[in-house]
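Here's a quick tour of ring contacts and helix packing. Have the viewer open and follow along.

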Amino acid sequence: MREGEDIGRPLVVIVGAGPAGLGAAIELGSRQIPCLVLERNARAGHAPRAKTTHVRTREHLRRWGIADELAKAAPFGVDYPSHVHFVTRLGGPGIARFDHALSCSPARDERYSEHGQWIPQYKLEAVMRAHAATLPDVTLAFGQEYLGFEQDADGVRLRIRDVARGEERAITADYLIGADGARSSVREHMGATMQGTHGLSRNYNTIFRAPGLAQAHGHGPGIMFWQLNSEVPSLIGPMDDDDRWFFMPTLVGKDVTYSQDEVRDLIRRSTGIDMDYEILSSDEWIASRLLADRYRQGRVFLTGDACHLHPPYGGFGMNMGIADSVDLGWKIAAVLQGWGGPALLDSYEAERRPAHDFVLDEAEANHALSPNRLSKPGLEDMTPEGEAARTELADYIRTAKHGEFYALGVVLGICYEHSPVIVPDGSDAHWTRSHDYVPSAMPGCLAPHRWLADGRSLYDLFGPGFTLLALGGGGGGGDGEDDDEDLARAEAEAAAQAVPLRVVRLDDPALDGLYQARRALIRPDQHVAWRGAAWPETGLLTHVTGRAPSPAHQHSANVA
């Protein structure tokens, strides 16, 4: 913001311009909610942070219209094999390999509309930031430091400081979102604390340039190489074009720091490849498993690393932060636009905390088998005994690590079954955690996806508000009701309550089998809010939008 610039009163202020903050800004700005993003730093440099953009995140990008832009930014192209190799050293024998890990293959899959993508987080941020800048209701303010807030029934008053000039000013908004990372000042000022286990491990992350390294080993293309030698157990892999790689030794003592020469030596020793390594950046980081004791105080909310931290194994963190902001963003927009009620905002933590617990359990379990815990004596011996040791370890890795690289059930299988704004369907089905993803239209789950006969994704038919799927060529309640009578009632109810609703009629037997109901109400975030044989007589919309919710059984319907 320039001196004297009047941006008007933003309805939402977002602290932090990382993926979680930008995700909130895009979700709100796409819904014409004026918001201001404050970021103290330039967010530049080589550090990759996350490198995996999961299927679900790219589906959000598709909804925002920028999934193709991210694909164009892929440093190795979206067809680059996302293989994960387990080796003794980059220059040594191979042990095991997971092909096309993390659902990054661009081959069409019925279960989702967008594949995953291996790309440095800073490139994802650049794509999101460029899109946010095109939205008239989003203001990006770099060089602005958040100092604190006060709130009352009417809004939130923030103090901010221009970093370059040192000038302070006050701004007022209806809501504040703290997307300001692991050391969140917003979290501190709202009195929330992180609970769990700090210091699961100490790690050292290095970004380096090494022309020719990809050709210097014989393992073929891949996104990640687990080096299981006892000397320098570590992770290494290509990160970006211009021969940039990442390197992460996983056996680091307390308060250990390395000079650039020492880091070069670590890379040479770990890989067994002696070449010129140009160190671009290095930093120590600590893996922990922590959750905030609360995500909300009145008009102030936390998203992303501000409310959850876990080891990066599985690549869930950044993606989970964007999912937080999507869940919170459409709900704040609904309240500000008058068609969402208090229970909608209450549902944010009710929905996201169980999801965070699930993912934190997975990440911690993955971390428990890091490279230093997989190495074993004699693994590098070029003898029959060494070969036997590698074969034995390969069998173990294929079983023990499979869930880390093929975890679509964690990525797409999150279900808000017990949310206060989800209507149970009366069935005996319940959400169970699984690495495997089996699409389910049980209320709270992600709407099952399908590619339609004309090549479109089912998700492309969903509206920005709620979508009512009418399946089976119509089909009322089985009591003589005309096929479209309940749909007309739904549209009239939505219009009377100013709730955005799009009715989509589809006659596709495969969808009938997926949804197992003639009607399914899909939320703006593509989760199922309700399903049944016919639109109920009254009260459904007030429940799913958090306005004077009625008992859930009033809206349950037998699944047709």
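## Starting from one tyrosine

Tyr-406 counts as partly exposed, with a relative accessibility of 25%. Keep in mind that this is a predicted model. Phe-98, on the other hand, is buried, at a relative accessible area of 4%.

## Aromatic pairs

How many aromatic pairs are there by the ring-centre rule? The count comes to 20. One of them joins Phe-98 and Tyr-406 in an edge-to-face arrangement, with 6.0 Å centre to centre and 65 degrees between the planes. Phe-98 sits in strand β5 (residues 94–98), while Tyr-406 belongs to the loop between α12 (402–405) and α13 (408–412), so this pair ties together parts that are 308 residues apart in sequence. The edge-to-face label follows because planes over 60 degrees apart count that way.

Phe-98 and Tyr-406 also belong to a cluster linked by ring pairs, along with Phe-86, Trp-226, Tyr-313 and Phe-405.

At 5% relative accessibility, Trp-339 counts as buried. Phe-466 is buried too, at 0%. Trp-339 and Phe-466 make an edge-to-face aromatic pair, 6.1 Å centre to centre with 75 degrees between the planes. What does this pair tie together? Trp-339 lies in the loop between α8 (317–336) and α9 (342–367) and Phe-466 in strand β20 (residues 466–471), so the parts being tied are 127 residues apart in sequence.

## Charges over rings

Lys-51 lies over the face of Phe-246, at 4.3 Å from the ring centre. Arg-299 lies over the face of Tyr-175, at 5.3 Å from the ring centre.

## Helices

Two packed helices are described by the angle between their axes and the distance between the axes. For α1 (residues 19–29) and α8, those values are about 30 degrees and 8 Å. Roughly parallel or roughly antiparallel? α1 is roughly parallel to α8, because angles under 35 degrees count as such. The crossing of α1 past α8 is right-handed.

Now over to α4 (residues 121–134), a helix of 14 residues. From its first C-alpha to its last, α4 reaches 20 Å, close to the 20 Å expected at 1.5 Å a residue. Which residues of α4 are buried? They are Gln-121, Tyr-122, Lys-123, Leu-124, Glu-125, Val-127, Met-128, His-131 and Ala-132.

Conventions. Residues are numbered from 1 along each chain as its sequence is written. This is a predicted model: local features need pLDDT of at least 70, side-chain atom pairs count only at pLDDT 80 or more; totals for chains, interfaces and linings use all residues. Side-chain values use heavy atoms; hydrogens and water are left out. Rings of Phe, Tyr and Trp (its six-membered ring) pair if their centres lie within 6.5 Å; planes under 30 degrees apart count as stacked, over 60 as edge-to-face and the rest as tilted. Helices (H or I, at least four residues) and strands (E, at least two) are DSSP runs, numbered from the N terminus. Buried means under 20% relative accessible area, exposed over 50%, partly exposed in between (1.4 Å probe, protein chains only). A charge sits over a ring if NZ of Lys or CZ of Arg is within 6 Å of the ring centre and within 35 degrees of the ring normal. The expected span of a helix is 1.5 Å times one less than its number of residues. Axes are lines fitted to C-alpha atoms, for helices over the stretch in contact, and angles run from 0 to 180 degrees between N-to-C directions. Angles under 35 degrees count as roughly parallel, over 145 as roughly antiparallel, 65 to 115 as roughly perpendicular and the rest as oblique. A crossing is left-handed if the near helix is turned anticlockwise from the far one by less than a right angle, and right-handed if clockwise.
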